[in-house]
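Here is a quick tour of a model and the places where its parts meet. Take a look at the structure first, then read on.

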Amino acid sequence: MDTNDSLRVASLWHSMHAISQQLSPTTGCSEIELLEADTFDLHIFQSLTGTKLFVVCEPGTQHMEALLKVIYELYTDYVLNNPFYETKIPIRCELFDINLTQAIQKDRVALLGR
Amino acid sequence: MPPAAPRSGDAIFASVERVNAELFTLTYGAIVRQLLTDLEEVEEVNKQLDQMGYNIGIRLIDEFLAKSNVSRCVDFKETAEMIAKVGFKMFLGVTASVMNWDADGTCCSIVLEDNPLVDFVELPDTCQGLYYCNILSGVIRGALEMVAMKTEVTWIRDMLRGDDAYELQVKLLKQVPEEYPYKDDE
């Protein structure tokens, strides 16, 4: 996905998230965590600060919540700790990209090993 | 998968990379000295330290949440305990305690037993109005703002000014839930 597509998905998701909170049939429900479609699953993690991370994966992939937590830690370490990163612009931090790819590879290897 | 339990401040402090304490103290001291040279007015330096702390706080909160696995605090009392027991321990390696709660539970004091920022520091007579550790008040204010709380953080006691402890007063002004850019019924 290129930057424009990511921005499109992110803004779409932000609105859907807001609407879903109002529409939720069960009380005390705070957010959508998982969207299951025919060809993909979309997992969302929302931090207490309102930052949302989402992962698009093959249907039925397990342990995405754990992966999202790992990605959240990477985000705080490599993106937020970078003094030149400005909030609300697309992330272009090389260290973050490298570590993110490594985390996903590790996750994939771990899954195949099971 | 069951959610992970929140980690204690000690456990997180032990697991992160640490830096030499003297280097930290000297770096902070250099920042304050430079601000005093550039801005000359002690009040301006206080404001600038608070602003710098604020900029740190808005980013630090996510790291705090990621590493400590805490869930949403039920009330402000829990928030204050989190800051004192987990936050200060995790980032500065010091234990702090919460006391002097007011009647509605919106205002308390956080007392630091130890303060690595001020090792070897003595304030000269020309800087008597300076809140040397004002960056800490900004950090707390910034961090809490990102979790929907508007607060006012001020120094009640400061050992560099002759008191017997470091005491920060944290006052909750209001809760500001996230607003969405659309309105109902329009």
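Predicted model: local features only at pLDDT ≥ 70, side-chain atom pairs only at ≥ 80, totals over all residues.

Let's begin inside chain A. By class, the side of domain 1 of chain A that touches domain 2 of chain A has four nonpolar residues, three polar ones and no charged ones. Salt bridges between domain 1 and domain 2 of chain A also come to zero.

Seven residues of domain 1 of chain A and eight residues of domain 2 of chain A make up the contact.

Together, domain 1 and domain 2 of chain A bury about 640 Å², with 82% of that area coming from carbon and sulfur atoms. On the domain 1 side, Thr3(A), Trp13(A) and His17(A) do much of the work: they supply 64% of the area that domain 1 of chain A buries against domain 2 of chain A, more than any other three residues.

Now for the contact between the chains. Here are the two interfaces in one place:

| Interface | Area buried | Share on carbon and sulfur atoms |
|---|---|---|
| Domain 1 of chain A and domain 2 of chain A | about 640 Å² | 82% |
| Chain B and chain A | about 1,800 Å² | 50% |

Chain B puts 18 residues into its contact with chain A, and chain A puts in 28 residues. How many salt bridges are there between chain B and chain A? The count is one. Asp77(A) pairs with Lys67(B) in a salt bridge, and their closest N and O atoms are 2.9 Å apart.

Polar contacts turn up here too, with nine residue pairs across the interface of chain B and chain A, both residues at pLDDT 80 or more. Helix α3 (residues 42-68) of chain B gives seven residues, the largest share of the side of chain B that touches chain A. By class, that side of chain B has nine nonpolar, two polar and seven charged residues.

Finally, chain B itself. It has five helices and four strands, and from the N terminus on they run α-α-α-α-β-β-α-β-β. The radius of gyration of chain B is 18 Å, close to the 16 Å that the globule rule gives for 186 residues, so chain B is as compact as a globular protein of that length. Along its principal axes, the C-alpha trace of chain B spans about 60 × 45 × 30 Å.

Technical notes:
Residues numbered from 1 in each chain as written. Chains lettered and ligands numbered in written order. Heavy atoms only, no water. Contact = heavy atoms within 4.5 Å. Buried area = accessible area lost by both parts, 1.4 Å probe. Salt bridge = Lys/Arg side-chain N within 4 Å of Asp/Glu carboxyl O. Nonpolar A, V, L, I, M, F, W, Y, C, P; charged D, E, K, R; others polar. Polar contact = N/O pair within 3.5 Å; in protein donor to acceptor, adjacent residues only side chain to side chain. Helix = DSSP H or I, 4+ residues; strand = E, 2+ residues; numbered from the N terminus. Rg over C-alpha atoms; globule rule 2.2 N^0.38 Å.
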